[in-house]
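I want to write down what I look up, one entry at a time.

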Amino acid sequence: MKQKLLLFFCLFVVQKAIAQKIAGRITDMKNEAVIGAVIQVEGTNYGSASDADGYFKILNLKPGKYKLRVSYIGYRSEVREIDLQEADVIVNVTLKEDPKNLDDVVIVGYGTQRRREISGSIVKLDGKQITDMPAPSFEAALQGKASGVQVSVGSGLAGSSSIIRIRGIASISAGGDPLYVVDGIPITQNQFLVGNSGGMNNNPLASINPQDIESIQILKDASATGIYGSRGSNGVILITTKRGAKKGFRVDFTTRVGISQPTAKPNMLNSKQYLQIYQEAYENDGGTGRAKLPGNMSWELAEKTNTNWVDETVGTGFKQMYSVGLSKGAEKYNTYFNITYDDNGSYLIGNSYDRLSTRFNADVKLTKNLNASLSSSLSRGINNRVDAAWSGGLGAAMSTTLPIYPVRNADGTYFNNGVNNPVRTRDLRKWRTQETRTINNITLDYRPFKGLSVRGSGSYDYMDLTEDIYEPREYINSTHAGNAYRNPTWVSNYNYNITAQYDYDYLLKSRFSLMLGNEYQHSLTKGQNISYTNANGPVYKGINDDAVKAAPKNTASQEWAFISYFGRLNYNYAGKLFVTLTGRVDGSSRFGINNRYGFFPSASIGYVVSQENFIKRIPQISFLKVRAGYGKTGNADLPNYQWRGTFVPASVAGNYNGQPFSNPSRLENPDLKWETSLTIDAALELGLLKDRITMEFGVYQKLSSDVILNLTVPPSFGFSNYWDNVGSIRNRGIEFSLHTINIDKAKFKWTSDFNVARNFNEITNIGAYSSDAVSGGTNDTRVVVGSPVGTNFLVRFSHVDKQNGLPVYLDINGKETYTWDPVNRVSVGSVLPKAVGGFTNTFNYKNIDLSFLMVFSYGGNIYNSSSKRQIGVVTDWNMTTDIFDRWQKPGDDAKYPRLTQNTLTYGSTTPWINTTMYLHDASYARLRNVTLSYNFDKKLISRAKIQTARLSFIATNIFVITKYPGLDSEIARDFENATDRNMSPNITYLTPPQEKTYSIQLTVGF
Amino acid sequence: MKKLNIYLIILITGIISISSSCKKVLDIPPPNETLSQNALESTQDYQNLLNSAYNSVANALGGNALIFNEILSDNLEKPFNNNDFTEVFNHNTLFFNGTISYFYGQPYEAVFRANYLMEHADDKGVLSAADKNRMLAECRFIRALSHFELLKLFAQPYGYTSSNSHLGIVIKKTSSPKPLARNTVKEGFDFIIEELKYAIANLPVSNGNYADKNAAKALLAKVYFCMNGYTEAGKSNYSLAAQYADEVISSGAYTLSDTGNVFASAGASEVIFKIVSTSSSDNRAGAFNGNYRCDGGKNPQLRFTKELYIMAKDTTGGADKRGNYFELFNAGKENEYIGYNKFNMDYFNVAYLHLTDMKLLRAEALAESGGSLTVAIQDVNDIKKRAYGTGSTKILSSSAVASDVITAARYERRLEMAGEGDRVFQMKRMGAKGELINGLPVKIRKAPWNCPGMILQFPIAERTSVFIMNETGGCN
């Protein structure tokens, strides 16, 4: 074979001197080279493909007349007639884009590809799809737009984070979120930098300005994410920021103002109702006379008081956003600048996320073959905090702050009988977090000669997250002015990568493209706790001279590093068969010494069948592609240092018998490593009726093993927790997306986008451990083999006994019992939905656009963890009006048992018991977004030198259709840790519902 | 092409230079923690590690190990308001019982630390042969004690089945984090005996507040004492128990105190092995004064039964000194209760092994095994004389027969060791021995000695695919 090739090559070279040739260049409308276009001489076997600069040549043709066909995916084929005589013929062809093709450029890891050439599963979303919707943080706007991407939108708290799960969940104790890469750097995305404070996790994505986003690519399968190796198995979200226009100068101005309201308000009891319920419970328990009220309240005062605490904590939030973008382009450079101010008030009184951000991106052609690009952003997000959920605020209004308590005492001071008065806390305690963040990248791209490009890229992502709290004298009852706290956290995250790509054309139709690269990433987190007494105000307002500063305490630092080598080989045969092979070696400081490096390969193939004649004969089919891939990826989002064996030093551990002691605190696990996922993926892409209907149907299976568990180990081990690779999880699913142009008239156009995905999730193994070895917080979600991650593991409630009003539970064998015993817990529900999807419709009539997005979720459960106190044993918690449906006398057929203040009545020694009484179907369909826009007539506005102007009315979360009786059928709670986040997303515990917003937006382009 | 070569060379050298340094680059140790490989570099480091195992033993013994046993017995009334204790009292514990869960981890933590030391004793060769020998023997003692206390609470007693093949606890001989199945009770006791024999052979005669030869012997005597039907080289368990108790007593290292309160400093001369409290801020007897203390208007969690109160206040043989420990509060009222003032101290040592126990044990063991009744009678009478005075009619005559000695020893034991968790342990032993009380098998309150709930349920975290949990309840 080798010899034959050599012979062929020799002939080729020898004949070159004597033959005529056809040569030329293939370009697109922008006069940029089209690489890999196929040039065929019709009726012969002669042909060629254009090279990296668009040039081609065809040799050895005998003189004569020929027809030359030039074709390339995404472009209309062109035919040129040639009369080849003694002299060479130069044929330059400009290809026009074929609008029916979806053939745009897609960002893949460390490079770009044309959509049709992609053999993996990637969804691309335009920035516009993100910016046209007010959301607490940009990631919420991904909901319903890509199949297989489940987004649980964050709560009503300003800046709250959504949970994104790509193709189910394959992690338990390791982070289950996709990897976020902004302009080439995996950014700091840890939601637990400051733990769970005030009923909220910090959302590191909230500081990213949606106005800066050019596009988002969601990488789903192993072929697409394989290039991210040990960090790709939960999917990768690539965010690319806007760059300057190629030519000219453009100014874009956007402003939006709006309001925020809760999607629902809790139905708490008023004072009279509460007292009645409380007294009834007391009498049911055999009490006589009047019950002693909580908070040492007298009946007299209680009956006089009726505070609606929900109204005291909830109002109408105000939102305003102003954004100016400048874009300038010339032959040798282009720049983009943006400044945006976004004041995002929530409906919780006193709560807002206020972001000021700037960006400067530039591309410069330094020499003929050297390009430099810079991406740089600086933003400051100020979150004016209020307590929520378990911590107070609306959470208190829904629980321990009773309607019988007044906001203020008769003397005007705040009511505070050992009770969390949310108004008092909000008014007196100043609390905010300020996040200063800069994400920067500089890239040099050198193309020394045709086919080779070498890129060097360095990025730096720095975050300063500073929490300020001020508690004045009146709040803490101090003799001095007050306490001021400042808790800064600094995260310094940088990386570099070097890649070299070489494109090589082999014979006529084959093109190889090989990329090799190396990357290093390092992140260091440090923090401090600083406190002052006798302070007159918060630290950010300047500390008074006579304040007393305590010695700052450093918090434990966190440091990690990755070093990686990777490569990708793309093969393109005749623009219809595409093969991609990727491989990555990842080493990480987080991996145990026995498993320092892991290798992650993937392979995929895509075949555009519609390029074949037998399909071309079917006029209805405009595009048909099949693709399949297989690969191994990992998840390395486990805590640092966990593989190391450590001791608590004697100076810290303590004394026994007056002597110091020192003990092992963590047992070394030198084998600790990434989670491994083996993913197989296949899909069919189909375009019908000249692509008026396009659809994609995909199936996948992801088998994850070595799943990392933060095990509550058997106490006989002699220590309590241990990180180990123990479990296996299987995700299988089908995805379907459909894009149709229903009406395509000059004045009226209607398009629809629909997607739905069904995922089957199952834990297949957790080693020898029990379902209780890992728990999702206090919410009784457990790891049960044969059930999904985060199955609700509850004692079954059967009914209320009609005769005595007691709750009847079922034991493990289904036998009825009055006793609540944890031994009877069974796997009864799943916080993961079976199917999720979205349906978008867009109508354009003349200058008016209308679009709406419905999102839906089917088959998941919500566990309302606060109900056990709101509709359970009567305590010092306020209750919801659901309690009216209670048993009162023999024969009553009631939903809830007879009232009691004694937990033993309900068969338990504690009110904190979980049963299926509070497990609900979480299926819903929600009108997420409606946007009505008017595009001003260009002729009209051009007089004012305005190119485009658009006025929109935007409404979000207008209504929801659901059987769920609680506040919000979609919940992203505050979480304790990654395990909790993976296992208990749809558990609500006094969680504020999402916001409903109405906004007006004006976009003007000059 | 030349240019290409240059670029490739630059790229390759770059990558190689990074790769060569990357081993270091990825070697990031945690801040503020000592890495295990640097933790054991001196004799003091090892001593600190050993001390940490003792600290866990202290948490167990000064915590609820002995308290749980007392609550299971017929000495106490229902706990005042502690739900976890009430479960124990009701002989029906659930696997979510946080108090049991916390306790259960402590002895195993001690075992883990002891195992860790044993596995790393030779790591850097810093230990002298003598130190190493002593430390290993202490580790073995700690392993024996810890497993013994767990077996008492979480497994049916020795003799519950004739082969003792009923389920015991997990025996942990290594620090390896591997889920294990429960061993049988026989395996458990065999292990404890082996450990204690090693400890006896290698522990020093005197070792400050830490385990010494006598401590290991005293513990072994207690272990044999409860092993109904066990024989070793032709000797019965009682004969073996008597032998080891005798060695401890005759060592002359301990003398009976006047008061008999081994928890107070006045009783220190009796103590063979104790948990040490050094000050009120370092009180390691928290479960005792935390639950029993009844002075200063404290409402004790644990209150004694009227039956025991009447027994202690009996004056037929002269006033019983031990009656002074019992106090009747709110007499005649609905909230009447009997408090126990023995632990009314801010801090004190927990006397785990002491001479009173050894003497009563030797007496009963000698009587059971046909040994010297003279010695046995003397042992019982030493205790009696202290309690009632030398002229008391309760003093045994020199002609007392074995059964008299046994009855008398048990009577004194119940009063001497009230609050120490000894009672239920003895009753289970009697039950397993097949003794009858009023013609019926031994009952503890109304519960048969061997009903499932007489032992505690394991914490939920212990459950694995190879670990079988206990039955609960079944005692009413």
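This is a predicted model: local features need pLDDT of at least 70, side-chain atom pairs count only at pLDDT 80 or more; totals for chains, interfaces and linings use all residues.

**Chain B, overall.** I started with burial: 53% of the 476 residues in chain B are buried. Buried here means that 20 or more other C-beta atoms lie within 10 Å of a residue's own, exposed means 12 or fewer, and partly exposed is in between, with C-beta atoms placed from the backbone. Residues are numbered from 1 along each chain as its sequence is written, and chains are lettered from A and ligands numbered from 1 in the order in which they are written.

I then looked up the elements, and chain B has 15 helices and 11 strands. Both are DSSP runs numbered from the N terminus: helices are H or I with at least four residues, strands are E with at least two. The C-alpha trace of chain B spans about 115 × 50 × 45 Å along its principal axes.

**Domains of chain B.** I found two entries in the assignment: domain 1 covers 41–277 + 350–462, and domain 2 covers 280–343. Such bounds come from an automatic or database domain assignment. Taken over C-alpha atoms, the centres of these two domains of chain B are 24 Å apart. Across the boundary, 30 residues of domain 1 of chain B are in contact with 27 residues of domain 2 of chain B; contact means C-beta atoms, placed from the backbone, within 7 Å. On the domain 1 side, α13 (373–388) and α14 (402–416) of chain B each supply at least two residues.

**Helix α14 of chain B.** I checked its length. The 15 residues of α14(B) should span 21 Å at 1.5 Å a residue, and the end C-alpha atoms are 21 Å apart, so the two agree. The expected span is 1.5 Å times one less than the number of residues. Buried residues of α14(B) include B:Val405, B:Ile406 and B:Leu415, and B:Glu412 and B:Arg413 are on that list too. Among the elements covering them are α12 (355–369) and α15 (422–433) of chain B.

**Where A meets B.** I looked up the contact between chains: 56 residues of chain A touch 57 residues of chain B. Strand β30 (residues 553–573) of chain A gives the most to chain A's side, with six residues. To count as a pair, two strands need at least two bridges found by DSSP. In this one, A:Thr646 stands opposite B:Leu35.

Three strands of chain A make an open sheet, ordered β50-β49-β54, with mixed pairing. β50 (919–921) and β54 of chain A are at the edges with a single partner strand each, so one side of each has no neighbour in the sheet. Strand β49 (residues 861–864) of chain A runs antiparallel to β50(A), joined by three bridges. A:Tyr863 has A:Leu919 as its bridge partner there.

**One proline.** Is A:Pro985 buried or exposed? A:Pro985 counts as buried because there are 26 C-beta neighbours inside 10 Å. A:Pro985 is in the loop between α14 (978–983) and β54 (987–988) of chain A. Leaving out residues up to four places away in sequence, A:Pro985 touches residues including A:Ser152, A:Val831 and A:Ile971.

How values were computed
Two residues are in contact if their C-beta atoms, placed from the backbone, lie within 7 Å.
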